[in-house]
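Please walk me through this model, stop by stop. Tell me what to select and what I will find there.

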Amino acid sequence: MVRRPEYRRALVFCAVIGIPVSLVAFWFLAALHELQHLVWTEWPRHLGHHEPPWWWPFAPFAAAGLAVAAIVGRLPGHGGHVPAGGLSAAGTTPAALPGVILAAACSLPLGAVLGPEAPLIALGGGLALLLRDLARVPATPQGSALLSAAGSAAAISAIFGNPLVGAVLLMEVVGVGGPRLFAVILPALLASGVGAIVFSGFGHWTGFRTGSLSMSLPAPPTLDTGDVVWTVLIGIVVGAAVHLLLVGGRFTARLTARALHRTTLLCALGAGGCAAAFAGLTRHSPAEVALSGQAALSDLAAHPHAWSVGALVAVLAFKGLAYALCLGSLRGGAIFPALFLGGAAGVLLAPLPGLGLVPGMAAGMAAAAAAALRLPVSSVVLVSLLLGHTGSITVVVLGTVTSFVTAQLLPRGPSVPAFAPPAPRPGAG
């Protein structure tokens, strides 16, 4: 296939579109980061608070619920895929891009317990197709799938801190095999590499931060029997728990589809109430329950002893409930909060005999990622690279496989309903 001239031309085109797609993704993430810093750090300080007070989440979550309901009900594409339905690289058209961008901008900085990966996949795929149309390249089903995957990989490459994660993730999301797998993954890797270069260069040049999922844990000692036994048990427990949260998100999505505006607002306020209750009970910041958990995961890994047992139990309960509410009502991705929940569970269980902090966090994050994504290879690659060493690879694989099998054996719950198309304005047409 590589010897075919049209495929080589497609590779060149993917490398070229990787540059504008990466630039747009960079500024999109930078804007989200700045808005989040403004809402959760700057505004509380301007009001005389060192960190957001317990009651702070209600206003931003209410604004998120109202805005997302309006976007979903009125704009093409309904603001992107419902997070409870899982990641998808298909169905993002250029016409849906404004709704995807606005819904993410109204969800993520205002506190939604979701990550930016799903909007980035939609943004990259839609931009790639838009650039194809502007260049007047003939559209074919195979070419559209290839360009969409390459654009998504270019957009998502830097948020995980490594372009390899984006390429492998898109490989499993697209769900092709054999020669078609090779045909898709090669341009995805190429566009990811270009995207990583652009992200790194612009981040250094402009000084803006977009945020990337990264943490630093020491390499664990030699794997022993206790690590294996506890990893299997953690995989079962954490996998089942995250699966139940996703099922709860699907029930929330069904309720939201029936009464969009009222239910979206109530779910957003419920998630804000979870953050407020956590802050009131533990004296921690409500931002540790709100938001994606990206920054909180790094802090948790660096300072695990700053969290008491009660605070860990509380953050698991309240962030888990807020996660389920946001999965079915707001817009974003399911990976980042799941990783935080898995990491927090690992820290909580680390004192078990023969376990330890590093294997506990590795097993918890691997189990949570596998249950949330249902993409086992991507989960192993993501958590292994996130840990920064290969000493826990066996724990990661065991936790991933155990969790994946557990989640697959459990009832899937209801399907995510499709939203009706926006109603035409009176007098239109």
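**Before you select anything**

This is a predicted model, where local features need pLDDT of at least 70, side-chain atom pairs count only at pLDDT 80 or more, and totals for chains, interfaces and linings use all residues. Residues are numbered from 1 along each chain as its sequence is written, and side-chain values use heavy atoms, with hydrogens and water left out.

**Whole chain**

Show the cartoon. The protein has 15 helices and zero strands. Both are DSSP runs numbered from the N terminus (helices: H or I, at least four residues; strands: E, at least two). Of the 429 residues, 54% are buried. Buried means under 20% relative accessible area, exposed means over 50%, and partly exposed is in between (1.4 Å probe, protein chains only).

The accessible surface comes to about 17,700 Å², and carbon and sulfur atoms hold 68% of it. Areas come from the Shrake-Rupley method with a 1.4 Å probe; for residues, only the protein chains shown count as cover. Among contacts with a separation of 6 or more, 82% join residues 24 or more positions apart. Contact means heavy atoms within 4.5 Å.

**Helices 12 and 13**

Select residues 335-349 and 357-373. These are helix 12 and helix 13; their axes come within 7 Å and cross at roughly 145°. Axes are lines fitted to C-alpha atoms, for helices over the stretch in contact, and angles run from 0 to 180 degrees between N-to-C directions. Show side chains at the contact: helix 12 brings residues including Gly342, Gly343 and Gly346, and helix 13 brings residues including Gly360, Gly364 and Ala368.

**The loop between them**

Select Leu355, in the loop between helix 12 and helix 13. Is Leu355 buried or exposed? It is buried, because its relative accessible area is 8%. Leaving out residues up to four places away in sequence, Leu355 touches Asp227, Trp230, Ile234, Leu349, Ala350 and Gly360.

**Helix 8**

Select His243, in helix 8 (residues 225-258). His243 counts as buried because its relative accessibility is 1%. Beyond its neighbours within four places in sequence, His243 contacts Ala371, Arg374, Ala407, Leu410, Pro411 and Arg412.

**The salt bridge**

Where is the one salt bridge of the structure? Select Arg132 and Asp133, whose side chains meet at 3.1 Å, N to O. A salt bridge is a side-chain nitrogen of Lys or Arg within 4 Å of a carboxyl oxygen of Asp or Glu. Arg132 is buried at 9% relative accessible area, whereas Asp133 is partly exposed at 39%.

**Last stop: helix 15**

Select Ile393, Val397, Val401, Val405 and Leu409. Together they make a nonpolar surface patch of about 420 Å². Patches are made of residues with over 30% relative accessible area and no salt bridge; like charges are joined within 9 Å, nonpolar side chains (Val, Leu, Ile, Met, Phe, Trp, Tyr) within 5 Å. Leu409 is in helix 15 (residues 393-409). Leu409 counts as exposed, at 70% relative accessibility.
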